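Here is a friendly briefing to read with the model open beside you. Please have a look at the fold before moving on to the notes.

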Amino acid sequence: MVRSGGSDVLGGAGGAQASPSAAVPPTVEERVVTAALRCIARWGVTKTTVDDVAREAGCSRATIYRTFDGGKDGIISAVVDHEVARLFEQLAEALRDADTLEEVLVGAITTGSRFLLGHESLAFLVTHELDLVLPMVAFDRMDDLLQRVGTAALPWLTPYLAERDARAAAEWAVRLVLSYAAIASDTVDLTNEASTRRLVRRYVLPGLTADASPTT
């Protein structure tokens, strides 16, 4: 894990009209995470070295070891944490104005699918280093993932479903997205809102308990 604090959000380049917050340069942690993502998209995790990341980030190898516990393992852990946080930020933005259960499900599934399928680093891993990805979404690690997502989804789902049903809905939404990301369908496009809405209306909503009431 990263030793020192820092924002999880990557800093952008500030222009003449940029706000003061946008003009703040990225921290070392942010530069290293960005550099690691670029390296992984090119060469994967196995072939990416600390030296590669240091060169890409414009810092020394010693700086990385001072900043991250565990060297390369620490970098990968920070990258995973950063990207999970970034996904949740995108979900929050997509669901901000959702006012029905259908809108929540469609928005979440579509946003998650777009995130995974548009992720260059993850695309390389799925194509060339699937053995590194599978342990993250299999067996007890899958249970951890589902629990984490289910807890994060409660504020969006409990206005429409009891907590037990909300967790079940979140779990099956995650399973849909992961399955689609691994093997695309010829009949459903989960990155397309209209296609996702048809799937949700026909198969997902009817599967949820009709008389489920929100948690009080």
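Predicted model: local features only at pLDDT ≥ 70, side-chain atom pairs only at ≥ 80, totals over all residues.

Residues are numbered from 1 along each chain as its sequence is written, and side-chain values use heavy atoms, with hydrogens and water left out.

**Overall fold**

- The chain has 11 helices and 0 strands, where helices (H or I, at least four residues) and strands (E, at least two) are DSSP runs numbered from the N terminus.
- Of the 216 residues in the chain, 35% count as buried; buried means under 20% relative accessible area, exposed means over 50%, and partly exposed lies in between (1.4 Å probe, protein chains only).
- Among contacts in the chain with a separation of 6 or more, 65% are accounted for by residues 24 or more positions apart; a contact means heavy atoms within 4.5 Å.

**Packing of α2 and α5**

- Two packed helices are described by the angle between their axes and the distance between the axes.
- Helix α2 (residues 28-47) packs with α5 at an angle of about 105°, and their axes are 10 Å apart. Axes here are lines fitted to C-alpha atoms, for helices over the stretch in contact, and angles run from 0 to 180 degrees between N-to-C directions.
- α2 and α5 are therefore roughly perpendicular to each other, on a scale where angles under 35 degrees count as roughly parallel, over 145 as roughly antiparallel, 65 to 115 as roughly perpendicular and the rest as oblique.
- On the α2 side the contact is made by Val32, Val33, Ala36, Leu37, Ile40, Val45 and Thr46, and on the α5 side by Lys72, Ile75, Ile76, Ala78, Val79, His82 and Glu83.
- The residues of this contact of α2 with α5 divide into 10 nonpolar, 2 polar and 2 charged. Ala, Val, Leu, Ile, Met, Phe, Trp, Tyr, Cys and Pro count as nonpolar, Asp, Glu, Lys and Arg as charged, and the others, Gly among them, as polar.

**Nonpolar cores**

- In soluble globular proteins, nonpolar side chains tend to be buried together.
- A nonpolar core is a set of buried Ala, Val, Leu, Ile, Met, Phe, Trp, Tyr and Cys residues joined through side-chain atoms within 4.5 Å.
- The largest nonpolar core has 22 residues, and Leu101, Leu105, Ile109, Leu157, Leu161 and Leu208 touch the most other members.
- At least two residues of this core come from each of α6, α9 (139-157), α10 and α11, and α6 gives the largest share, 7 residues.
- Leaving aside neighbours within four places in sequence, leucine 101 is in contact with Leu157, Tyr160, Leu161, Leu205 and Leu208.
- A second, separate core of 16 residues includes Ala35, Ala36, Cys59 and Ile64.

**Salt bridges**

- The structure holds 12 salt bridges, each being a side-chain nitrogen of Lys or Arg within 4 Å of a carboxyl oxygen of Asp or Glu.
- Arginine 86 and glutamate 83 meet in one of these (2.7 Å, N to O). Being 3 residues apart in helix α5 (residues 72-95), they are separated by about one helical turn.
- Arginine 86 counts as partly exposed at 29% relative accessibility, whereas glutamate 83 counts as buried at 8%.
- Glutamate 163 and arginine 167 also form a salt bridge (3.3 Å, N to O). They are 4 residues apart in helix α10 (residues 163-182), about one helical turn.
- Glutamate 163 is partly exposed, with a relative accessible area of 36%, and arginine 167 is partly exposed, at 29%.
- Glutamate 103 forms a salt bridge with arginine 197, with the closest N and O atoms 2.9 Å apart. Glutamate 103 lies in helix α6 (residues 101-117) and arginine 197 in helix α11 (residues 193-204), so the pair ties together parts that are 94 residues apart in sequence.
- A network of salt bridges links Glu102, Glu103, Glu193, Arg197 and Arg201.

**Two residues to look at**

- Arginine 197 is buried, with a relative accessible area of 14%. Not counting residues up to four places away in sequence, arginine 197 touches Glu102, Glu103 and Val106.
- Arginine 197 and threonine 110 are 87 residues apart in sequence and 9.1 Å apart in space, C-alpha to C-alpha.
- Serine 113 lies in helix α6 and is buried, with a relative accessible area of 2%.
- Apart from neighbours within four places in sequence, serine 113 is in contact with Val177, Tyr180, Leu190 and Thr191.
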